[in-house]
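Subject: Structure for you to look at

Hello,

Here is the structure I promised. Please open it first, then read my notes below.

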Amino acid sequence: MESKFLQVRDLQIEYTSGKQVIHAVNGVSFDLERGKTLGMVGETGAGKTSIAKSIIGVLPNPPARITGGEILLDGKNLLEASEEEMLKIRGNQISMIFQDPMTALNPLMTIGDQIAEAIELHSENAGKHAAKEQAIKILKMVGITEERYEEFPYQFSGGMKQRVVIAIALSCNPELLLADEPTTALDVTIQAQVLDMMNDLRRRLNSAMILITHDLGVVAEMCDDVAVVYAGEIIEKGTKEDIFDHPTHPYTNGLFGSLPMMAVGEKRLHPINGMMPDPTNLPKGCKFSPRCPYATDDCRTGQIVLDEITPGHFCRCIRNSKEAHNV
Amino acid sequence: MAKYIIKRLILCIVVIFCASIVIFTIMYFVPGDPVEIMMGANATIAEKDAMRHEWGLDQPYLIQLGSFLYNVFINHELGISYTYNAPITTEMMSRFPRTLFIGISCIIVDVILSIPLGIQAALKQGKWQDRVSTIFAMACVSVPDFWFALMLVILFSQILHWLPSYGIGGLQYYIMPIMANALAGIGGLLRQTRSGMLDVMKADYITTARAKGVPEKTVIHKHMLNNALIPVITVIGGHFGRAVAGTVIIEQVFSIPGIGQYMLNAVNTRDYPVIRGGVIILAATTSVVMLLVDLVYAVVDPRIKAQYIGKAGQ
């Protein structure tokens, strides 16, 4: 069997808080090919960040614990890799862009040193001087001039800090880039700039990317594939066209329904009623059933599987799989 | 930066000036008469009045205050001790190095012991190392230093005969005073280091560093420590003041002729000029240390350095 670039199989993550166990990720599986971008959408607390952090191996343990599944990068299971092996992979093969640029940089280190640190760790001819030169090159790539190399994070605006964070992530030409809501903390005007820059650099380096966001507009702009995450499960996944043109799961439909549609000229948005289920006490059966307008008794009791409704388009909903079979 | 330092030094003088006024006023209104204490019941009223006149104690408050401030800040003279009839400045200068030595050594002992322990406690949060260090910190804070000093004397002088129990001489005379005086500081500093580390360990930039592939040891040394120790620096500065003030008791226990002992005797005999002189010297020392602490801040934290430069530029 030809192994794909990144395969996540049945990943399960739990958090322990006091005596409570929080089931953050419950059996997530997906594949990603080289050079492609997977958009991961879902509400806050759906488990998106936990998935990304487990791939790069920086989940805080305790309280988090990976209880099952495997993460295969070029066929190699990262969850079984030793710490030394992971140190070589982290920041080199896989790197991550964090959500909040205001806190993601060490306040006491110059931004140049923070970029050069990763390069020094991972490049073959790791001299301080060579690392600095490379860091300056990366800085210029993200649109920051060389003079600012010796400056500290407090001297940068939010958007500029995020550029630095991106520069750190891209400094060693990663094969896989995990972008955890890279633009959430930024102004809308800066968001577009940062996204364009990320996309451009990613294409140049031919990195694969997992883009975590709750902004469907960003997904439409950036991604090839989309996975919708709800309560620690993927409830729908497929190509961007599948998801945007034929959203099938009631939750995905709900997400689109809560967006303003300028063309239709609707006066009111349609929010999804209710809240995400309590992750310490998830409902049996379909996790979305308490909020789903179409929920039946079957939804509340049975195990709902991720069905392939059209080639490459998966949906975790009995209603849609029935419809698909009837068609 | 230089502008900032000059500004702060001027501020130091203001602090010392205010401290002088406060201590003078307190001593003036506190009950007790140096003349009564010095001359005892045998002296006649006329003799006592003559003594009061000689020391200027029959003058009104404002005039006494004025001449005191004039002497200290214009003539740089702390006055003559009532008891020993000797100039205080010379006496202070011969005693001050001992007190300063004890104070500085205390801080060094505090730092050497409590920072590594605090770091370990944070890294092993919730495990036995953490609990042991918590109990140790609590013990340090709750044990009175004079009692601890006496216990040290019993152990090291009476039983083991390792160390001299009082007086001055070589370094061995200072070991027990320093240990006893450092004790209370260790607990506070340890807890401060621990909580500083715990805050930093959860910070996002630590995750960033780990995601870069930085080995855990380097993460701790390069990314956590300097960030965690910034709040600790403030505490160390505060402890210095406490360590020097604490010598009042410790010097008494170990009969060390430092400023503390000098002041305590002066309080008992209402030797006003000595008390004032001591307070002025301690206030000056403390304000200089605080300035040094703030400068260390600027070296460690570029944000604060920028603030200083910005403020001075205004």
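What percentage of the 314 residues in chain B is buried? The answer is 44%. Keep in mind that this is a predicted model.

Chain B first. Its secondary structure consists of 13 helices and zero strands. The C-alpha trace spans about 85 × 60 × 30 Å along its principal axes. Accessible surface comes to about 15500 Å² for chain B, and carbon and sulfur atoms account for 69% of that. Take the contacts in chain B between residues at least 6 apart in sequence: 73% of them join residues at least 24 apart. On charges, chain B has 23 positive and 18 negative ones. Their mean positions lie 17 Å apart.

Now the cores. The largest nonpolar core holds 96 residues. Leu6(A), Phe30(A), Ile55(A), Leu176(A) and Ile210(A) have the most contacts inside it. Helix α5 of chain A, residues 158–170, gives this core its largest share, with seven residues. A second core is separate and has 75 residues, including Val35(B), Met224(B), Tyr262(B) and Tyr308(B).

Leaving out residues up to four places away in sequence, Ile210(A) touches Leu6(A), Phe30(A), Ile55(A) and Leu176(A), among others. Those others include Leu32(A), Leu38(A) and Met40(A). Leu177(A), Leu178(A) and Ala179(A) are also among the residues that Ile210(A) touches.

Best wishes

Definitions and conventions: Residues are numbered from 1 along each chain as its sequence is written. Chains are lettered from A and ligands numbered from 1 in the order in which they are written. This is a predicted model: local features need pLDDT of at least 70, side-chain atom pairs count only at pLDDT 80 or more; totals for chains, interfaces and linings use all residues. Side-chain values use heavy atoms; hydrogens and water are left out. A nonpolar core is a set of buried Ala, Val, Leu, Ile, Met, Phe, Trp, Tyr and Cys residues joined through side-chain atoms within 4.5 Å. Buried means under 20% relative accessible area, exposed over 50%, partly exposed in between (1.4 Å probe, protein chains only). Helices (H or I, at least four residues) and strands (E, at least two) are DSSP runs, numbered from the N terminus. Contact means heavy atoms within 4.5 Å. Accessible areas come from the Shrake-Rupley method with a 1.4 Å probe; for residues, only the protein chains shown count as cover. Lys and Arg count as positive and Asp and Glu as negative; His and the chain ends are not counted. The place of a charge is taken as NZ of Lys, CZ of Arg, CG of Asp or CD of Glu.
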